[in-house]
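Subject: Structure for your files

Hello,

Here is the structure I said I would pass on. My notes follow below it.

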Amino acid sequence: MQFDIRRFDIYRKVPKDLTQPTLTGALISICSCLFMTFLFVSELKEFLTVDVQSVLTVEDPVKHSEKIPVFINISLPNMPCEYIGLDIQDDMGRHEVGFRDNTHKEPLNDGKGCRFESHFLINKVPGNFHISTHSAHSQPQDPDMSHIVHKLRFGMELETGKNVRGSFNPLENVDKRTGNPLSTHDYILRVVPSVYEDKRNNIRYPYQYTYSYRDLMQMGHGGVVSPAIWFRYDLSPITVRYTEKQKPLYTFLVMICAIIGGTFTVAGIIDGLIFSASEIIKKAELGKLS
């Protein structure tokens with residue numbers, strides 16, 4: 001007896017002259033194809049999306065550096081640039097009044113206001129930096145520290161000025177132009193170090209922060225009101241580690257097979273039920289039901 005490999009065919013074919021196309025079957029087939037296309041596109045978008053997993057650890061992720069980069073961009077619409085300066089202090093004894101490196105001032109409102117931008121490094125200890133008139137040669141008659149914080153970021157790339165993924169800017173576009181113009185604005189920041197590893201194993205070290213806010217009246221020397229914008233920061237001992245994960249190809253293939261097989265199976269059941277019901281109705285109309 002000659003061996004015939006076709007005997008292993010589990011997908012047996014039915015001759016076309018033994019099959020019967022129906023209008024209902026055509027509509028179900030078209031709907032099934034559209035449904036499968038929709039699910040395929042959705043699954044493809046999900047597969048191409050990178051998952052970001054996060055864990056909390058107690059470590060110093062940037063052991064090779066004792067400095068943290070900071071970027072600030074802020075507008076003071078009622079304070080001329082000549083009075084504005086940046087002061088930096090910390091618990092290691094650092095005290096810089098009128099920090100000028102990497103600092104840019106742009107006049108606003110015909111010189112009545114100022115947009116201030118700077119990037120600098122801070123030590124990994126509690127401290128503060130503040131926008132004030134302390135470094136000015138003369139003090140304004142009517143100081144007004146109302147402002148808009150456009151950006152405040154920790155861990156930015158100083159070379160490119162771009163933000164590292166995983167770094168957040170919760171103070172972006174915070175508007176403090178209302179209220180008492182003589183108020184001192186006090187932001188208390190909790191800085192959280194982070195590690196961001198992308199799917200190509202490139203590692204970055206951004207920082208996150210949360211903040212609380214209060215405003216108060218602060219007297220300077222001689223009882224004179226001396227408003228300022230303070231950013232008091234402390235570092236968290238907790239590190240957030242982010243890792244990008246690409247979904248494996250086999251999960252995508254499994255889902256595609258499930259979509260195709262499941263849709264064809266369900267559509268076949270629906271088509272069979274409709275066809276059987278229509279046949280029963282036709283027999284009933286002809287009085288052939290027994």
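A residue is called buried under 20% relative accessible area, exposed over 50%, and partly exposed in between (1.4 Å probe, protein chains only). By that scale Pro126 is partly exposed, because its relative accessibility is 32%.

This is a predicted model, in which local features need pLDDT of at least 70 and side-chain atom pairs count only at pLDDT 80 or more, while totals for chains, interfaces and linings use all residues. Residues are numbered from 1 along each chain as its sequence is written, and side-chain values use heavy atoms, with hydrogens and water left out.

Pro126 sits in the loop between strand S6 (113-123) and strand S7 (127-132); strands (E, at least two residues) and helices (H or I, at least four) are DSSP runs, numbered from the N terminus. Leaving aside residues up to four places away in sequence, Pro126 is in contact (heavy atoms within 4.5 Å) with Asp90, Asp91, Tyr233 and Asp234. Its C-alpha atom is 9.8 Å from that of Arg190, 64 residues apart along the chain.

The unreviewed UniProt entry annotates residues 21-41 and 249-274 as "transmembrane region"; such annotations may be inferred rather than shown by experiment. In the model, residues 21-41 are 90% helix and 0% strand, with end C-alpha atoms 29 Å apart. Residues 249-274 are 100% helix and 0% strand, and there the end C-alpha atoms are 38 Å apart.

Thr263 belongs to helix H2 (residues 249-286). Thr263 counts as buried because its relative accessible area is 9%. Beyond residues up to four places away in sequence, Thr263 touches Ser32, Phe35, Met36 and Ala258.

Regards
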